[in-house]
Amino acid sequence: MNSSSTFVVLLLHLLAPLILSASPFPYTTTKRSIYASGVTPSGLGESKRFEGSSDLVHLRYHMGPVLSSPIKLYLIWYGQWSPSQKSTIRDFLFSISDSSSPSPSVSEWWSTVTLYVDQTGANVTRSLSIAGESFDSSLSRGSTLTRLSIQQVISDSIRSGLPADHRNGVYLVFTSAGVDVQDFCRAVCGFHYFTFPSMVGHTLPYAWIGYSGRRCPDVCAYPFAVPAYMGHATAAMRPPNGDAGVDGMVSVIAHELAELSTNPLVNAWYAGEDPTSPTEIGDLCEGVYGSGGGGGYTGEVATDGAGRRFNVNGRSGRKFLIQWVWSPVLRACAGPNAIA
Ligand SMILES: *[C@@H]1O[C@H](CO)[C@@H](O)[C@H](O)[C@H]1NC(C)=O
């Protein structure tokens, strides 16, 4: 174990509850430390790779709802964002329900998420749309946010016009290059949870994802940047949309949306006994983007004519590299670019 992984282990113990987070690279080390802390079933070997193997993963259903109604996304852009950054992220979100994108597509990737059902027999919805956006370019809550102040940012956006949509709403807070968030880059790259009525007036599922391009691309935008200690052993991949920070965010957004939809109130689908640090369907497959992935290897992914790497197609000719998610049917990590 290297010093970076020791650091992650310490953080996992000291900063608990580290709820519902997309973890920094190295993913396998983070997983290992979660197992070491006893959250997941014992007997899992340190170098366990989830892709294709499942007997020891006990993802369980805990009786709560999944997001089965059409999801309306409300985007909250905190800080400064360029038009191209916003359009890459919007195109990814629009692609989730766009079944006309060529295979392997973002919407085929989402079809693994729709395999999850709740006790009423309702599947996670296939329908996600962007229903509203809000801009806080002047950083009204400052450039250093805590987990709770993310909820204040949501509350501010609702006060300035975004609907409090407690039927279908999911709120996504994106923080820009100059913004630090509690544990960002050190223990998390993004997280999801739900708002508290005392802060926002309602219980609304939300996720936060930070732009890591300037601050820690090697941690939160891997494999588009590689940690220095890995030296020349692994080359960084060219990002499909030309911005390592945004392309890295897209995979974290995918991770959080998959988890939020299958575990919106943290009482539906997760592994492990401790609901304050559940292992969810994205956590189980962090770092896996294609067949053979795991243990620091992304798996088989495609390369376009300009050397950019991707594993799924989206609308308008967009390409993205997003991590796989756990399939309850295959009992393994799954993605549409799997090699049969
Ligand atoms: C709903 O979930 C069940 C159980 O996983 C699955 O068999 C079915 O194909 C799913 N339906 C959709 C539309 O994904």
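Helices (H or I, at least four residues) and strands (E, at least two) are DSSP runs, numbered from the N terminus. The structure is a predicted model, in which local features need pLDDT of at least 70 and side-chain atom pairs count only at pLDDT 80 or more, whereas totals for chains, interfaces and linings use all residues. Residues are numbered from 1 along each chain as its sequence is written.

Helix 5 comprises 13 residues, 147-159. The distance from its first C-alpha to its last is 19 Å, close to the 18 Å expected at 1.5 Å a residue (the expected span is 1.5 Å times one less than the number of residues). Buried residues of helix 5 include Ile-150, Val-153, Ile-154 and Ile-158. A residue is termed buried if 20 or more other C-beta atoms, placed from the backbone, lie within 10 Å of its own, exposed if 12 or fewer do, and partly exposed in between. The buried residues of helix 5 pack against several elements, among them strand 3 (71-78), strand 4 (128-136) and strand 6 (169-175); contact requires C-beta atoms, placed from the backbone, within 7 Å. Just after helix 5, Gly-161 adopts a positive phi of about 130°.

An open sheet is formed by 6 strands in the order 1-8-9-6-3-4, with mixed pairing. Two strands are said to pair if DSSP finds at least two bridges between them. Strand 1 (21-22) and strand 4 are the edge strands, each pairing on one side only. Strands 3 and 6 pair in the parallel sense over 7 bridges, and Tyr-78 has Thr-175 in strand 6 as its bridge partner. Helix 3 (residues 83-95) packs on the sheet, where it touches strand 3 and strand 4, and its direction makes about 155° with that of strand 4. For such angles, axes are lines fitted to C-alpha atoms, for helices over the stretch in contact, and the values run from 0 to 180 degrees between N-to-C directions. Helix 8 (residues 244-262) also packs on the sheet, with a direction at about 160° to that of strand 9.

Cys-185 lies in the loop between strand 7 (180-181) and strand 8 and counts as partly exposed because it has 17 C-beta neighbours inside 10 Å. Val-266, in the loop between helix 8 and strand 10 (269-271), is buried, since 21 other C-beta atoms lie within 10 Å.

A cis peptide bond joins Ser-103 and Pro-104, with omega about -5°.

Technical notes. Contact = placed C-beta atoms within 7 Å.
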